[in-house]
Amino acid sequence: MEAINTYFTDLLGPLGPLFLVGGLGLVLVLLALPAMLFRKQDPLSKLKETQIEHSADVPKGLRVGGKNEKLDRFKHLLEPQNQDEYSAVQLTLIRAGYRSKGAVQSFHFAQFALGMGFLALGVIYTLVAGAMSTQQSILSVLIPGGVGYYLPKYWVQRRVGKREEEITSGFPDALDLMLVCVEAGQSLDQAIIRVAKEIRASYESLADEFEIVAYEMKAGKDKVKVLRDFGERCGVQDVNSFVTVLIQSATFGTSIAEALRVYAEEMRDKRMMRAEEKANKLPTKLTLATMMFCVPPLLIILIGPSVYGIAQNLGGG
């Protein structure tokens, strides 16, 4: 063992044995992966999936994607075993717009694949770079792996923020349209369908959420549960307040049109306040740019000739 350790240390540097162990582990994974991917499916599981596919209880329009069969075989590795953790990841992906059944598996597979891929790139860079200290070699391997692992999470968070911003921007307009539809004599279900159709060109994410609400109501799901799920999926405070208003209006028997009118006016005021807040922040944000791009040229113009004259006089003296 000492001879082998010395040989690989001389060949690959101080981390030679570590590279050897990592390479052997990668080879074992590559050898075991085809056997797990092309493993024959259990007959009972295949029969169960066939019964679900041919089931007529759920309309096709309500089915959102399906699980990847190859990834489903590794669900014990790609899915959190804790139900609370699994629900939290699934809710985050739904808020990002990924509603398929295999979204959680795909997310964790992307983390694993990108983490291992960037880790391999770090190893290759360490080997190509040549002589490096042990600390630099470890950082060159681990930092790309960490970046690859957290890259899908960063992407999902960006998507969540973008969708929440879009929903917040389009919600006041959607409420105005819904108020017009309700006052014209349509029911709440019909108004939601109409609003989803009209705002799709401008606010696609909000239109998708309204369509889900309409489909769930058509399927006979409890209206209060549908509205609460709507607020939870969006993750926006304005939507949660709107859901509370509708639930209270249905509970106490008050007019939905009156509740919509008051809440729509409040949403318009909040949108105006958000616009004023952004306008008030603009001078502060421009201060740094003004100092960076305006003050140095101004100082050069004002002080430059004097500095040049002083330098000439001192040089001549």
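This briefing covers the salt bridges and a nonpolar surface patch of the structure shown above. The structure is a predicted model. The salt bridges number 17, and eight of the residues involved, including Arg163 and Glu209, are linked in a network. Helix H14 is the element that gives the most to the nonpolar patch.

**Salt bridges between distant parts of the chain**

- Arg163 and Glu209 form a salt bridge through their side chains, with an N to O distance of 3.2 Å. This pair links distant parts of the chain, since Arg163 belongs to helix H8 (residues 134-183) and Glu209 to helix H10 (residues 204-218), 46 residues apart.
- Both partners of this pair, Arg163 and Glu209, are buried.
- Arg271 and Asp173 also meet in a side-chain salt bridge, at 2.9 Å from N to O. Here Arg271 lies in helix H13 (residues 256-293) and Asp173 in helix H8, 98 residues apart, so that distant parts of the chain are again linked.
- Arg271 has a relative accessible area of 30% and is therefore partly exposed, as this value falls between the limits of 20% and 50%. Asp173, at 25% relative accessibility, is likewise partly exposed.

- The closest N and O atoms of Arg194 and Glu198 are 3.2 Å apart, and the two residues form a salt bridge.
- Arg194 and Glu198 are both located in helix H9 (residues 188-198), where a separation of 4 residues corresponds to about one turn of the helix.
- Arg194 counts as partly exposed because its relative accessibility is 39%. Glu198 is partly exposed as well, with a relative accessible area of 42%.

**A salt-bridge network**

- A network of salt bridges links Arg99, Arg163, Glu209, Glu216, Lys221, Lys225, Asp229 and Arg233.

**Nonpolar surface patch**

- Met291, Val295, Leu298, Leu299, Ile301, Leu302, Ile303 and Val307 make up a nonpolar patch on the surface, and together they have about 770 Å² of accessible area.
- Helix H14 (residues 295-316) contributes 7 residues to the patch, the most of any element.
- Ile301, one of the patch residues, is found in helix H14. Its relative accessibility is 62%, and Ile301 therefore counts as exposed, the cut-off being over 50%.

Notes. Residues numbered from 1 in each chain as written. Predicted model: local features only at pLDDT ≥ 70, side-chain atom pairs only at ≥ 80, totals over all residues. Heavy atoms only, no water. Salt bridge = Lys/Arg side-chain N within 4 Å of Asp/Glu carboxyl O. Helix = DSSP H or I, 4+ residues; strand = E, 2+ residues; numbered from the N terminus. Buried < 20%, exposed > 50% of the residue type's maximum accessible area, 1.4 Å probe, protein only. Patch = residues over 30% accessible without salt bridge, like charges linked within 9 Å, V, L, I, M, F, W, Y side chains within 5 Å. Areas by Shrake-Rupley, 256 points an atom, 1.4 Å probe, with all protein chains shown as cover.
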